[in-house]
Amino acid sequence: MPIPNQLPHDFEWGFATAAYQIEGAVDKDGRGKSIWDTFCHLEPSRTKGANGDIACDHYNRYEEDLDLLSAYGAQAYRFSISWSRVIPLGGRNDPVNEAGIAFYNRLIDSLIARGVTPWVTLYHWDLPQALHDRYGGWLNVEESQQDFERYARLCFERFGDRVKNWITLNEPWIVSIFGYATGINAPGRSSINKDASEGDTSTEPWIVGKSLIMSHARAVRLYNREFRASQKGVIGISLNGDYYEPWNAEDDRDKAAAERRMQFHIGWFANPILLAKDYPECMREQLGERLPQFSADEFSLLREAEVDFYGMNYYTAQFARHRSGPPSETDFLGNVDELQENSDGVSIGERSGVHWLRSCPDKFRKHLTRIYRLYQKPIYVTENGCPCPGEDKMTRDEAVRDTYRIKYFETHLDAIAQAINQDAAVVKGYFAWSLLDNLEWSDGFGVRFGVTYTDYDTLERTPKLSARVLKQLFEERMGRQAQKLCQEQDSRAYQSESPKPRM
Ligand code: PNW
């Protein structure tokens, strides 16, 4: 009898981070500036006074952080490469910074020596500032994709002998919308945000979205053509997106609103990238000429850029309510209101330590099932996690007893098991966000997502209870029994696996 919350014996799990949120050392060893360096130093501050100049000082303390990974029993580690650390000016004819390459080589080698599988994100929001200055960065569809392809080539060439798991982009929706529609993330462009002096919310996010889609596709096509056969790795993309329920479950207009909202969130990128199809119809209908077209050549590039997996970043769910009037020119949600309570006043889930996130594991199961049904690719959950209520105000000793986070992890793992065992979704791995408390972008250092407490004065790290419990949860759910069974069936494959470090 399969245990209902059982996960597959070969399920892969670990923790995730991103370069600008943890590395610090922004001036060290020849690194160039990214748009986040610039954004975090604007006056008045748009990041609560915080910046990544030091962050967790991971650049200097990475060995200590990998010791944590080993202690936590992680099999895999997802991190991102800072583009401007390896190509300070970013462009295809700009010089490579060997000191930056050497840092990632040390990191990768140290992971492998510990038996931890590296998962590398090429782009986690930190565009080289020089490209933004040179031609508008992501606003320039033709230039940006060529520079991204060269950056991807450099990474495949230098790291691909040891890195077998690639993620091109992290959350292109957030890059486009937060960076160019609301302006709350770098480069902070917007025509609806009083802090922004430049930008056009009605057009720029849609142009940026196309740049990201084409850049992703060029990196994947390159991998498929020139590296896949020899390096034998896999490549995909991480898309964010909440699950939406209708605000009034009886109202067909709200049902349509929930579906439309998910198309604006995920279909925007998933249609071209996973289906090699045009943007969702509801987006064409609403955005008209403002949504760029794909040429026949671009469609053939998209078809050639087939990915191996769908990287899912999932945190929460919301209710969608239809709007009766026509959408405004600056709308990017699909003409819906987003709410955390439905028409009966029922909350979508339990509050966390950040306003936008309520814990909704039942919606996670629906989300996994829906995404698998629509896009038919194995899913890796590349981010999932939360801050505990009140955690921003806690002392270290209070913060390490993170029972809310433990429950969040436990219930979300249950949801994955249900999606696999009961809904036949294919989910192959899980990365908790995050290994460490770190720079939470425009929210600064107050919002803590880590399974490790970071003291930002001393930079001392202290494991929270959730780090230990997560390991136990995976041990139970990937069960010794299941492992034994598999061993009997396929002893050769098991013997070739290196032993995992244990806490
Ligand atoms: C993700 N939202 O961003 C990012 O990939 C991480 O770098 C980040 O630290 C993590 O989630 C936690 O926030 C998001 O408002 C930021 O819905 C905001 C939202 C979603 C994802």
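**Close-up 1. Residues at the contact of α5 with α7 in the predicted model.** From α5, Glu-98, Ile-101, Tyr-104, Asn-105 and Ile-108 meet Leu-154, Arg-158 and Phe-159 of α7. By residue class, this contact of α5 with α7 comprises five nonpolar, one polar and two charged residues.

**Close-up 2. Crossing of helices α5 and α7.** Helix α5 covers residues 98-113 and helix α7 covers residues 141-159. Their axes come within 11 Å and cross at roughly 50°. The crossing of α5 and α7 is right-handed.

**Close-up 3. The open sheet β6-β8-β9.** Three strands make up this sheet, in the order β6-β8-β9, and their pairing is mixed. The edges are formed by β6 (243-246) and β9 (336-339); each has a single partner strand, so one side of each is left without a neighbour in the sheet. On average, neighbouring strands of this sheet are turned by 40° against each other, direction ignored.

**Close-up 4. Pairing of β8 with β9.** Strand β8, residues 317-322, pairs with β9 in the antiparallel sense, over four bridges. Phe-319 has Leu-339 in β9 as its bridge partner.

**Close-up 5. Helix α13 on the sheet strands β6 and β8.** Helix α13, formed by residues 361-375, lies across β6 and β8. The helix runs at about 110° to β6. Of the two strands, β6 is an edge strand of the sheet, while β8 stands between β6 and β9 in the strand order.

How values were computed:
Residues are numbered from 1 along each chain as its sequence is written. This is a predicted model: local features need pLDDT of at least 70, side-chain atom pairs count only at pLDDT 80 or more; totals for chains, interfaces and linings use all residues. Side-chain values use heavy atoms; hydrogens and water are left out. Two strands pair if DSSP finds at least two bridges between them. Axes are lines fitted to C-alpha atoms, for helices over the stretch in contact, and angles run from 0 to 180 degrees between N-to-C directions. Contact means heavy atoms within 4.5 Å. A crossing is left-handed if the near helix is turned anticlockwise from the far one by less than a right angle, and right-handed if clockwise. Ala, Val, Leu, Ile, Met, Phe, Trp, Tyr, Cys and Pro count as nonpolar, Asp, Glu, Lys and Arg as charged, and the others, Gly among them, as polar.
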